[in-house]
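Dear colleague,

Please find below the structure that I am handing over to you. My notes on it follow.

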Amino acid sequence: MKNLIIFCSILLSMTWGCSDDRKKGGNSGGGHVHQAMRGGILMELGPHGSGHNLELLLNNKGEFEIFILDAHAENYVRIAQSTIELNLADNNRTLTLNAIPDPATGETVGNSSLFRSSQSVENLLPIKAEMVNVTIGSSNYLNTPLSFSGNPKSDNHEH
C-alpha cells in the first residue's frame, strides 16, 4: 500500500508539475501558466519553479507596485529590504519603491512583500530599468532587467 501511495504521488507530480512547454508557447499536457494574483504582470526571477516571481502593476493612483511572490506566484514572500531601487534606462534617474507596512497582515518596513513608488509613474511608461539588488531568502538578484508597459488590458469576454 505504501508503494502505491508513493507511485501515485510521483505520477501526480509528473502530470501536474511545472513544464518548460510554457516557454515554447504551448501547453502539451503537463504545462501550466502562473497567474498574477492582483491582475498585474508577472516577472520571473531565477530558474522556473525554484526562483521567485514579481508582480508588477500600477495602482489606482498610478503608483508603481511590486509584489514579491514565491516560485509559483501563489504566495506573498516578505523580504527584509526597506526599498527596491530601479535604475531607469532612458535617463540617469533612479526610481525608489518603498516597503509598505500593513497592520492587517503584520507586514512592516523590513518585513514586507509590497513595494510602492511615492508618486505616479504613468509619465515614465514604458519603464525599462535595472533592478539594482533584491534579496529574497538566500537568493540575491543583482542588476536584473525589468520592463513594464502598464497594467494588462482587461478582456470583457472573460468570465
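Please note that the model is a predicted one. Asn87 belongs to strand β4, and its side chain forms a polar contact of 3.1 Å with the side chain of Thr94. Beyond residues up to four places away in sequence, Asn87 touches Arg93, Thr94, Lys128, Ala129, Glu130 and Val132. Asn143 is 56 residues away from Asn87 in sequence, while the C-alpha to C-alpha separation of the two is 8.8 Å.

**Ser112**

Ser112 counts as buried because its relative accessibility is 0%. Its side chain reaches the backbone oxygen of Ile100 at 3.0 Å. Leaving out residues up to four places away in sequence, the contacts of Ser112 are Val77, Arg78, Ile79, Ala99, Ile100 and Glu107.

**The nonpolar core**

The largest nonpolar core comprises 27 residues, and Phe64 and Ile127 have the most contacts inside it. At least two residues of this core come from each of β1 (41–45), β2 (52–58), β3 (63–69), β4 (83–88), β5 (94–99), β7 (127–136) and β8 (139–148). Strand β7 supplies the largest share, five residues. Apart from neighbours within four places in sequence, Ile127 is in contact with Phe64, Leu88, Leu95, Val121, Leu146, Ser147 and Phe148. In soluble globular proteins, nonpolar side chains tend to be buried together.

With kind regards

Note on methods:
Residues numbered from 1 in each chain as written. Predicted model: local features only at pLDDT ≥ 70, side-chain atom pairs only at ≥ 80, totals over all residues. Heavy atoms only, no water. Core = buried A, V, L, I, M, F, W, Y, C linked by side-chain atoms within 4.5 Å. Buried < 20%, exposed > 50% of the residue type's maximum accessible area, 1.4 Å probe, protein only. Helix = DSSP H or I, 4+ residues; strand = E, 2+ residues; numbered from the N terminus. Contact = heavy atoms within 4.5 Å. Polar contact = N/O pair within 3.5 Å; in protein donor to acceptor, adjacent residues only side chain to side chain.
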